[in-house]
Amino acid sequence: MTFPRFEPSAVARALGYLPEGPGEFADGYFETLTETRLGEDGYAARSRAEEGFSLRLTSSGSTYVATRDSCSEADFRSAYRQVARTLPNTPLVWREREGREVGGFEEGGLSEELTSAPRRLRRRLGERGFGLRYRATFLRHHREVLVAASEFCGRVQRETFYSVELELPGGFWGTLLPSLGEGVTESLADLAAEFARYAECRPAVVPPTTVVLGPQAAAVFLHEAVAHTLEVDTLAASGDPRAALGMALASPALTVFDDPETAPRAVRRTSDDEGMPVVRRCLLRRGAVEQLIADRFWAEKVDGLIPGAGRRADRSYLPGPRSYHLEVMPGEESPQRLLSSVAEGIYVPLFVKGQLDSVRGTCRLDAPGALQIQNGEISGRLGRCRFQAPAADLLGAVAEVASDAQVTGAGWCAKSDQRLPVWATTPTLLLDAVSARPW
Amino acid sequence: MDTGDLLEEAAAATARLQSAASTTSRIETYLKKGRSRTFSLEPAASVVHSDELGWAVRVHAEREAGFGCGSGTPRMPALSAGAAPLALPTLEETQARVSLPPVRDLDAPLLSEGEGLAWLRSVAERLKDELPGARLLRGVLEDGASLGVVASSEGVTASYRHRVATLKLEAVGADPQYGGVFLAASARSARSFVASSVARRLADRLAIAESGISPEASTCRAVLSPEVAAAVLESLAPIFVGPEHWSIARSLAGSEARWGVSELSLIDDPHLTEGLLPQARDGEGVPTQRTVLVDRGRLRQPILGRGDEEFAEVDGLPLSGCRYRHSYRALPEASPSHLFLRHERAASVSQLVGELGGGYYFIDVTGPVRRHFSEGWLEVPVCGFQVRGQRATAQVRGARLRLDLRHVFHSILGAGRDLRFRPRRGCIGSPSLLVEGVEVAPG
């Protein structure tokens, strides 16, 4: 099984016959996906290896898509006919390259880095005196994408990353990791051990207080409250998306970018899933909305929007405007100094789930627990608590941004049934007067 | 491609993989070909034509095992040493003959581009008529058909044909502060969805969200729609699959093993031809059969399959194929096929509402179900109507239905003739139920 050795320019030429007027375009999205899953409970390895493509024609305000789970000339011809919606009189040119692959399945999914991870995590947890039962599943993901469109041929984009699913006393927690090195297992063990300790604490009512979010929790918060809020399809559901531009959405302490090119090296992208070049998009500058997250469809439809943020979970989904890698401009204070300034409050290291109600603009963040802070010192633990408030209120409550920007996975984002990995480089944040209730 | 061709392809792939592997390896190949059309209206009218070509391979060797899946041509999965065996069924375990009555709509053509988009537009228009200011935020209609086969090195072969349509809608009323409402439905064929009733259901939900009142805490009678009753059943399903959680079912039923009223039965029927996914064999090729889990109120057995022989032998309980493939990307997994409640006194829904006297008619679930088996309760967030003397007197939102699992099935007074299924891991279904003594609370 190999990735098709086709000539992208021949595909682009064939697609060039489909658009008939301004604002119309056609593209072909080719992908290979491999995923290797390893449990540490004696369960066998599981692997997934997929290839396929999807052709799309956007014409007269409608979109026609044909997807195939294999890549041959016959598949291409039948898909081409389906999106053209007629028998094209133009001869198709599908030229296969000799001896040169434009991407392909990556072998060696069961790498040492993956197979040793469960053992390393167990050892690290043991060192922390963690004697409780848990179940860990490690996955390695690799994806290669190539887009050829009616006007251009893209370059192959590659993403490799890991995800971990942990079933711990107190619940389930998953995260994304750009690598599985020794340092990563260390911090994973720290968070897992902390997570398990919360299971012994009672779910908490938190009256309005100072809340400090660790980098991992901040990543989930900003993904929900900034990224989802500024996705153009979310904004368009309630009116003209351009009305958001210039609006003071957050506290002036926050400047947030979406930049796939500064994501961790293994998942760095120079073009999106529509083949458009990515841009460093300033979503919030000192709290005010500067740019929106847009894909090609919305950029064609609404003046002033920049494409380059079109993403799709795989070939069977339509692309949509999505964030990829959020980057928060760090502040000057160290997180330790920020914590020591808190007279009374809580520290939340992670959220297990985040959600934005796009109709009401309400953000919901579920923490498995939190640490109590008194006079700048950790004084105890709380059980599960949920932060639920308008996204703008939570963003407006950000009083300080620490200097410790860390690369982290913001988790799997699920919107419109598409499950996408999202990344962030975020520091510790301090929020004033935020309340929470048990869940 | 017909079943015979695909079976040959699967057998050839199995032989090819086995020749490349060690001779002691047992290999099973699953192939699936599917076709679907997906229609949506937002952000633009779109039609996605998908041709699916999936495979899954299980390998079980002496000291290692593995599972792989993908698209295109089947390939050998990564094997891990020391892994628990992925035991494959033997030919003997799959040899019993089993046949399924003819299933309707399998060969009906998929919706055309015009039909699919027109249907969604019709829902959007009717929704506006039903509730001025309401609009569809998202509408996705998918119509698909598939053919799957299994062939193993043990000589096991099986084939499956499915036809399923799914609908997912999100709508919002004139004032977005009340939030959006979601509706999901499934049917054998997309042509059986009725635009006017779907629009009315969305409008009802939106109207309740906008002007519903919070209920007062009370213990009363209630009619639970199939959606609410199936959500209750879905959260109980794990205790009816395999021996692992059977002790919970036993403890809830008490020493006399009475689960509910004597008119009530709980059945898992893979052969239910009016169900969504009838199949004569499970995902491993083992023959399936109807299993009565609760027989006229009396607890009988969980769904038992390969691997549960020891448990079954003690009480002489029958085994059935029950390891289904919920996708070619997933391992076969023990689950229900069509798990549903049946009540011998079936009536129309209007009769059930008529018998309410005073109480509630809950039409939908508005959030996740919370359950606590050891304490024996379950809580469902619901919305619906307050009913007095056969008339709806108020719309009710933000209601919490608390059910005592030791008593709720003893309090079912009747059921409707409107059995509907929710596809989850297996299909879970129920008719409308008239229940007395349910606790309703705000929140």
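Modeller: Two strands are said to pair if DSSP finds at least two bridges between them. In this predicted model, 13 bridges join β1(A) to strand β4 (residues 135–149) of chain A, and β1(A) and β4(A) therefore count as paired, running antiparallel. One of the links is that of A:Tyr29, whose bridge partner in β4(A) is A:Val147.

Biologist: What makes β1(A) and β2(A) a pair?

Modeller: β1(A) and β2(A) are joined over 13 bridges in the antiparallel sense, and at least two are required, so the pairing holds. Within β2(A), A:Arg56 is the bridge partner of A:Asp27.

Biologist: How do you know that β2(A) also pairs with a strand of chain B?

Modeller: The same cut-off of at least two bridges applies: β2(A) and strand β3 (residues 64–71) of chain B share five bridges, here in the parallel sense, and so they pair. For A:Ser47, the bridge partner in β3(B) is B:Gly68.

Biologist: Why is the link between B:Lys168 and A:Asp417 called a salt bridge?

Modeller: The closest N and O atoms of B:Lys168 and A:Asp417 are 3.1 Å apart, and the limit for a Lys or Arg side-chain nitrogen and an Asp or Glu carboxyl oxygen is 4 Å, so the name applies. Across the interface of chain A and chain B, the rule finds five salt bridges.

Biologist: What makes strand β1 of chain A mostly covered?

Modeller: A residue is buried when its relative accessible area is under 20%, and 13 of the 15 residues in β1(A) (residues 25–39) are buried, so the strand is described as mostly covered.

Key. Residues numbered from 1 in each chain as written. Chains lettered and ligands numbered in written order. Predicted model: local features only at pLDDT ≥ 70, side-chain atom pairs only at ≥ 80, totals over all residues. Heavy atoms only, no water. Helix = DSSP H or I, 4+ residues; strand = E, 2+ residues; numbered from the N terminus. Buried < 20%, exposed > 50% of the residue type's maximum accessible area, 1.4 Å probe, protein only.
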